[in-house]
Number of protein chains: 4
Amino acid sequence: MPEEDDGIWFRESFSDYIIFENKMEKVYFTGHSKFQKIDIVKLKNWGKTLYLDSKIQSSQIDERVYHESLVHPSLLLHPNPENVLIIGGGEGATLREVLKYKQVKSATMVDIDGELVDMCKRYMPEWSSGAFEDKRTELIIDDAKKFIENSDKRFDIIISDLTEPLDDGPSKYLFTVEYYQKLYDLLKPEGVIVLQSGPAFTGLLGFMGSVNQTLKQVFDEVIPYQSFVLSFSMMWGFNLGFKGLSHKEESLKIGERIKERDIELEFLSSDYIKGMMLLPKAILKELNKGKISTDKNPFVWDF
Amino acid sequence: MPEEDDGIWFRESFSDYIIFENKMEKVYFTGHSKFQKIDIVKLKNWGKTLYLDSKIQSSQIDERVYHESLVHPSLLLHPNPENVLIIGGGEGATLREVLKYKQVKSATMVDIDGELVDMCKRYMPEWSSGAFEDKRTELIIDDAKKFIENSDKRFDIIISDLTEPLDDGPSKYLFTVEYYQKLYDLLKPEGVIVLQSGPAFTGLLGFMGSVNQTLKQVFDEVIPYQSFVLSFSMMWGFNLGFKGLSHKEESLKIGERIKERDIELEFLSSDYIKGMMLLPKAILKELNKGKISTDKNPFVWDF
Amino acid sequence: MPEEDDGIWFRESFSDYIIFENKMEKVYFTGHSKFQKIDIVKLKNWGKTLYLDSKIQSSQIDERVYHESLVHPSLLLHPNPENVLIIGGGEGATLREVLKYKQVKSATMVDIDGELVDMCKRYMPEWSSGAFEDKRTELIIDDAKKFIENSDKRFDIIISDLTEPLDDGPSKYLFTVEYYQKLYDLLKPEGVIVLQSGPAFTGLLGFMGSVNQTLKQVFDEVIPYQSFVLSFSMMWGFNLGFKGLSHKEESLKIGERIKERDIELEFLSSDYIKGMMLLPKAILKELNKGKISTDKNPFVWDF
Amino acid sequence: MPEEDDGIWFRESFSDYIIFENKMEKVYFTGHSKFQKIDIVKLKNWGKTLYLDSKIQSSQIDERVYHESLVHPSLLLHPNPENVLIIGGGEGATLREVLKYKQVKSATMVDIDGELVDMCKRYMPEWSSGAFEDKRTELIIDDAKKFIENSDKRFDIIISDLTEPLDDGPSKYLFTVEYYQKLYDLLKPEGVIVLQSGPAFTGLLGFMGSVNQTLKQVFDEVIPYQSFVLSFSMMWGFNLGFKGLSHKEESLKIGERIKERDIELEFLSSDYIKGMMLLPKAILKELNKGKISTDKNPFVWDF
């Protein structure tokens, strides 16, 4: 009776009543940084995988789907993305995708958790694949809020790759009107911001809706979009915010820009980028009810 | 130490190495029909849910997403859908969506498992919500293959809502070139077929790709599409096949037809239907490698 | 890939870090009485099983082991057990074992949960197997404490078959010095009490030790013993308290009394009863540190 | 919603329908030797734990219970145990217990899996606590069968600490009449053998019963006994075989010998050793039906 199922598993709760379990093959690292619990393991079905506080962050099987979906719409909608700011994104794969653009002259990445970045470099080099060593990269280990308040550099693109604002978490004030206003000010006249915004499905849109409605208080145009990420077992949501630029006009140029800029994409295409922005009726309706997050009354995610 | 997690759960394997568990609130029915194991339960998070052979079929939380995605693209792409054939679809929700169209004069549903249909009527009346009593409905409990070989009725729309072709399952020969040819012949000159086609994600496209490539052997035009179904934890795939009609031309009329026909949709919109048909690059590439299924050498799904 | 493991399971936590899962075959009843959550199910490996508040109470596979171990030592150590009081024991199997003795003239059972008793009669008749209909049985649905304060009947044997004293549970004050004193007074001059006392293993002896030390404040002699119950995955503990009688003298007569009284036992024998009372050194040591429970400062079990 | 339950777990099936899960804190080693899968981990509740082929072998929380129960009855029943042979026992804890006796002049340990022994030395030094370095120890990495056929040394005590005879496992022929005859011949005129014999509960006695009945074909007297091991979630069985000696006579001397030999025991006492040998009626009955294992028709354990 040797059971295939016996052995080491990673368990992740999606709610009080839903549990997801993945058989493991190997443990690379399990421990705590100053900010969070870090598990870097190899799953039988999905390969190398990073968990923070026991929540999946990215997995070898489809980290490209997530990171392409996060990064490229913003850069392809911008006429000339030269200076990019990445907030969070400790694995280095967001950075990797950004650096695919020859136009990019500087990529500034700010992550609060230096130990996490070190562990990712050491155990998950496939994610950054050299990006941290690129001369255009500037890595800053610091609180994003502090950086943003003190920086006098201006950016074409800002990519927010942060975990959800939990009540006791560090990112609670990184999704408010006041904070978005600071990001708006950090952008050059024609700037684009994109934020990972959590699950994109009816009943689970608290976070995505709050980002959407809060962004609208500050940015000239806001476009939500979604992409399915298998290892999240979920349709995933993002929000784009535009300063100056017109989404409609820029979006006509995506196909052309992919070619011109010679960007190699595994998952995204001009067509699929269009598709990502066409959301179901029920979701659009629910997004409109998103809570506006302010420093005084910040949105907190307790799905 | 009373644990919230303690009590009755439904466990479903997605592979040898991935397990998904849902806390249960109630059991309505658990038993076997002549063809399959049937469990009708109430899940804490998702409400009433049907499992066949311990695989989730549809759940109160989002059965509308699945059934709207399965039914409406085909009917909205057709100028005048009067006669509809449904193969499978025991819950009665596919039928319910079809009957929303006043144009529909007859809806013929063929399901092999009469006991399943009875259990669904009894314990899940929300799914069919009266559809079985509609005068336009003709319910036939029979093997689809036998029905199709003997029917002399012609249809505008055929909807295939069957479980995957497993090696020892009954639907192995309901996805072959020869079978599709018979369906093609059953369609009127301007007819549309749609088939639920399983998971739509790289690495899991065996079934969707086989349906896609096999359909192409028979139909004049084939369009794959996808929609995310939360309770499947998966992006779900479908394939449309056209006889006579041009997808491109008809698709321009979807928005208008939704209004004219006065179809109430919760999830789908003209825009989202367009979005469903814009697939990621990697998926399109993999679909092209789908195996052509024939009676002699039928495709069998062993994900 | 139909997985044997898929389907309905019952999950029980033994601690925050240990989970035990049993595949189910059938659900007889799942619901709440006024006092507790009741699940009566059929487990694939163990047959019909009762859970209260998601904790296993007794299972067809070995309820005889538990109930024989609970009931017979006390009755066999008594020269003439005529009047027996059972506190708790809703399933009716404790009663069934007591009624095996022709000497027994009356068996008074007091259980607070009438709905539980009804469900057990209806769905688990194998447990009581007619005991509730025996003319010697008196069933009282009431709070044990109230009964004991008001009863003027006297008993030869008292059997306490209660769940552990949890902080918010109803049995917190049914294990104190003051309560035991009342039980002592209810016993005839030569009386024996026995209490189910929870797990019997080092590190888990809080409950068993507290019963042991608290009994010693009141009874003339106290004897702990243990018996392994498979469906509890645990060595289980009991405590005997003697009024007047000498355990040593009476225990010499057990073998003879089994024969004389013509008691049919499946699991217990004169030898095994002796063995149950020979505890490991480390357990005896830990029992001695048990906390004395008083009305003012009752012992509460939070393993 | 950070769930305490999330993270890394070890899953062990006890049958097709029973699963036991333990939360993990750390992984020391996970890999394969030439003979088996080895996992050395730290469990939240039980501390450091060894799994072979995903079956628990011993755990910090109660390895002393298992090893004291395995080792001391045999040595305490022998008037002068000078030469001891241990078959299996890779962790080194069986050896550690044997070396507590100053009478022991040599302890020969034969284990087939040298890599396992190395891993245990490295990651679980608490088990052997120096025993491998004791001058009286002779460690032989070899097949037990080969060793036994070629050894001309004679022993007072033989301790068999082997995993169950599985159909495809290496120990299938280490539990037969023929093999036991060889062990009998290796014993000095007054010798004792003890074998770990698997679960000791009705319905699960296949292995324990087969060892019992097979031993009886060869040894002059056979005594089964049991001890509860928490980390096995099970009452565990052992069998003693005597050559020349009388169990009854020797057992009277156990208490005295513990003192004389100044053996420090945590769990066992003279009384508890007696108790271990008093088995329930139903178990004794079932042991008598054990299958006699022969080289031609070996018993195979497929619980």
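1. In this predicted model, the buried residues of helix H7 of chain B are Gly206(B), Phe207(B), Met208(B), Gly209(B), Ser210(B), Val211(B), Asn212(B), Gln213(B), Thr214(B) and Leu215(B). The helix spans residues 206-216 and is mostly covered, with 10 of its 11 residues buried.

2. Turning to the contact between the chains, 31 residues of chain A meet 31 residues of chain B. On the chain A side, strand S2 (18-32), helix H10 (270-276) and helix H11 (281-287) each supply at least two residues. S2(A) gives the most, with 6 residues. By type, the residues on this side of chain A divide into 16 nonpolar, 9 charged and 6 polar.

3. S2(A) and S2(B), the latter covering residues 18-32 of chain B, run antiparallel to each other over 5 bridges. Within this pairing, Glu21(A) stands opposite Ile19(B) of S2(B).

4. How are chain A and chain B related? A rotation of 180° with 0.0 Å of shift along its axis superposes chain A on chain B, at an RMSD of 0.0 Å. This is therefore the relation of a two-fold axis. Both copies use the same surface, as 100% of the contact residues of chain A recur in chain B.

Technical notes. Residues numbered from 1 in each chain as written. Chains lettered and ligands numbered in written order. Predicted model: local features only at pLDDT ≥ 70, side-chain atom pairs only at ≥ 80, totals over all residues. Contact = placed C-beta atoms within 7 Å. Helix = DSSP H or I, 4+ residues; strand = E, 2+ residues; numbered from the N terminus. Nonpolar A, V, L, I, M, F, W, Y, C, P; charged D, E, K, R; others polar. Pairing = 2+ DSSP bridges. Least-squares fit on C-alpha atoms with pLDDT ≥ 70 in both. Buried ≥ 20, exposed ≤ 12 C-beta atoms within 10 Å, placed from the backbone.
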